Amino acid sequence: MGSSMRKPFAITLDPGSSLANHTGSWRTMRPEYVDRLPPCNNACPAGENIQGWLYHAASGDYESAWRMLTQDNPMPAVMGRVCYHPCESSCNRASLDSAVGIHSVERFLGDEALRRGWKFRKPAERSGKRVLVVGAGPSGLSAAYHLARLGHEVVIHEAGPVAGGMMRFGIPKYRLPRDVLEAEIARIVELGIELKLNTKVSSILDTMKSGRFDAAFLAVGAHIAKRAYIPAGSAAKILDAVSVLRSMDGQEQPLLGRRVVVYGGGNTAIDVARTAKRLGATESIIVYRRTREKMPAHDFEVEEALQEGVLIKWLSTIKQAGDSQITVEKMKLDTNGFPQPTGELETLAADSVVLALGQDVDLSLLEGVPGLEVQDGVAKVGTDMMTGHAGIFAGGDMVPAERTVTVGIGHGKKAARNIDAWLRGARYTPAPKHEPATFERLNTWYYSDAPKTVLPVLDIIRRQSTFDEVVSGLDESNALYEARRCFSCGNCFECDNCYGVCPDNAVIKLGPGKRFEFNYDYCKGCGICVSECPCGAIRMVPEAI
Ligand SMILES: Cc1cc2nc3c(=O)[nH]c(=O)nc-3n(C[C@H](O)[C@H](O)[C@H](O)COP(=O)(O)OP(=O)(O)OC[C@H]3O[C@@H](n4cnc5c(N)ncnc54)[C@H](O)[C@@H]3O)c2cc1C
Ligand code: SF4
Ligand code: SF4
Ligand code: SF4
């Protein structure tokens, strides 16, 4: 076994002992070490170097793992809990047994950092530039973090009484405990960011002028609940999901009654129905006009809700609401998959109806800004995240994109890099992407089966009656096991195979963490290192003539 081998699930070869022959000249192809882009990294909206931080975690160096992770994403404890982890949907390991539990290792690292009090390092130099960030949701916080690390003076104006945006006022506590959220926000603010709470920006140009800001990043989210026209009696209790979830943060819990009907099919509908159950509703029913396959909510969230006793009425719309009952019409899907009314009616007992039909953006702070364009209710931005008005950038839910915490975090990072360049009169050019590390490039023979760790889940009785966190985290041994399941796709993990297999001792070992290089005076170009590299980190290229 190779001495620096860190992966118990990969088989490695012993270093060769053949005598070196100085025979390089008859090669037509030569091997070359490469770094390829793993699909997990490509899929992460925050652009995390997942393979890189898993490599550190797999060797038990959690602080280096956390430091590498937080170069891209300042909130791993939050992200490991609420991100829908598209990284795992793309993970190459899923083609062998099951995807690496990336989000659970991320959560472990985030929790470990909070437990051990690891802090971000402050920048050595200050730029002297002032940047305004509007909104302290994930996107604004991420931009503020990256801008502060780049040496800029950052002031956040937040309309609400606490920071966090929808992480605080949308996502329920049973999925994101507030002490975790608060601790990760506090660590960002400690970088020297000024956070002004209860400070709503009503005109971006006025605030920039009076505060002498050189640039601004807007991330005001989408908070205006969409309504549907439902004929309703005067006593009918119709609420909107975002207000219900927001009031969960205050002293007084919302009064929903014992029979709650939630109208909608997204994740917010699921969250509010599960919240209603925890508040004591005997019946919490989601009315949705299409089928389960067409529901925008994630399947695992639907499953968790069903386990907790939430009921779902598929292919149904609300026709009318009264004081203690509603009328529902059955729908059927047409050939294009659109729901069409059938005329078939049914009544359901309901003390309240909660509308979860999505949110619009309040763009009033942008009124009168020259050059700024709004399309379909969201602010248009370029690939650099700048709006049509020079120096005003925007991201998160208020721009056209998927509405998730991680997309918001990614926008904040991207905008910060572009703002930094813009302030210096330059253009930010991202490094070119490496070629993809596909499953076909792996030598999976070297990796043994290692099933994914299953996260412990709270018992169903406590799930139905309390706001305790539903899914628990990994302990250290599980986190280490899970990190070691990573194939390190397309990036050398120093298994020593190439060094061991080369018949001509043409591989030079540079020492721990420094990888290898080829001694082309000895390499015959046989390519055996390429075929025996487990992770596809070597390629053959034509010999330069
Ligand atoms: C119920 C619910 C559950 C969700 N669950 C998940 C989940 O599990 N995973 C996930 O990835 N995503 C989830 N999302 C989506 C996610 O929360 C959002 O996509 C994300 O929070 C958007 O981030 P943002 O920074 O753009 O805006 P927000 O989080 O909305 O933050 C915007 C901030 O700006 C402030 N603000 C608004 N106007 C002004 C103004 N004029 N001046 C100053 N401040 C202002 C607001 O008070 C707020 O704090 C959920 C959303 C909801 C509603
Ligand atoms: S932020 Fe989400 S997509 Fe990115 S690594 Fe974490 S879980 Fe995966
Ligand atoms: S095996 Fe590792 S590097 Fe490869 S896609 Fe999965 S997490 Fe990423
Ligand atoms: S290049 Fe491949 S074979 Fe060589 S040490 Fe790295 S991972 Fe192992």
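At what angle do the axes of α3 and α6 cross, and within what distance do they come? The axes cross at roughly 105 degrees and come within 10 Å. This model is predicted, and the values here are computed from it.

## Two helix pairs

Start with α3 and α6. An angle between 65 and 115 degrees counts as roughly perpendicular. That makes α3 roughly perpendicular to α6. Now look at the side that α3 brings to this contact: Y62, A65, W66 and L69. Helix α6 answers with E106, F108, L109, G110 and A113. By class, the contact of α3 with α6 has 7 nonpolar residues, 1 polar residue and 1 charged residue.

Helix α3 also packs against α2. Here α2 covers residues 50-58, and α3 covers residues 62-69. Their axes lie 7 Å apart, at an angle of about 170 degrees. Angles over 145 degrees count as roughly antiparallel. So α2 is roughly antiparallel to α3. From α2, the contact uses G52, W53, H56 and A57. From α3, it uses Y62, S64, A65, M68 and L69. Of these residues, 6 are nonpolar and 3 are polar, with no charged residues.

## Ligand 1

Which residues are closest to ligand 1? They are V82, E158, R175, H223 and D397, in a shell of 33 residues. Backbone atoms take part too. A backbone N or O atom of A159 lies 3.0 Å from a nitrogen atom of the ligand. For T404, a polar backbone atom is 3.2 Å from an oxygen atom of ligand 1. For A219, a backbone N or O atom lies 3.5 Å from an oxygen atom of ligand 1.

How much of the accessible area of ligand 1 does the protein cover? On its own, ligand 1 has 1,000 Å² of accessible area, and the protein covers 94% of it. Two helices give two or more residues each to this shell: α7 (138-149) and α12 (267-278).

Ligand 2 has 14 residues around it. The closest are C44, M79, C83, C87 and E106. Residue E106 also belongs to the α3 contact described above, on the α6 side. Helices α5 (86-90) and α6 (102-116) give two or more residues to the ligand 2 shell. Helix α6 gives the most, with 3 residues.

Ligand 3 is surrounded by residues that include P38, P39, C40, Q51 and L54. Also in this shell are C91, N92, I102, C486, F487 and C489. Helices α1 (39-43) and α2 each supply at least two residues.

## The shells by class

The table sets out the class counts for each ligand.

| Shell | Nonpolar | Polar | Charged |
|---|---|---|---|
| Ligand 3 | 9 residues | 2 residues | no residues |

Key
Residues numbered from 1 in each chain as written. Chains lettered and ligands numbered in written order. Predicted model: local features only at pLDDT ≥ 70, side-chain atom pairs only at ≥ 80, totals over all residues. Heavy atoms only, no water. Near = heavy atom within 4 Å. Polar contact = N/O pair within 3.5 Å; in protein donor to acceptor, adjacent residues only side chain to side chain. Areas by Shrake-Rupley, 256 points an atom, 1.4 Å probe, with all protein chains shown as cover. Helix = DSSP H or I, 4+ residues; strand = E, 2+ residues; numbered from the N terminus. Axes fitted to C-alpha atoms, helices over the stretch in contact; angles between N-to-C directions. Parallel < 35°, antiparallel > 145°, perpendicular 65-115°, else oblique. Contact = heavy atoms within 4.5 Å. Nonpolar A, V, L, I, M, F, W, Y, C, P; charged D, E, K, R; others polar.
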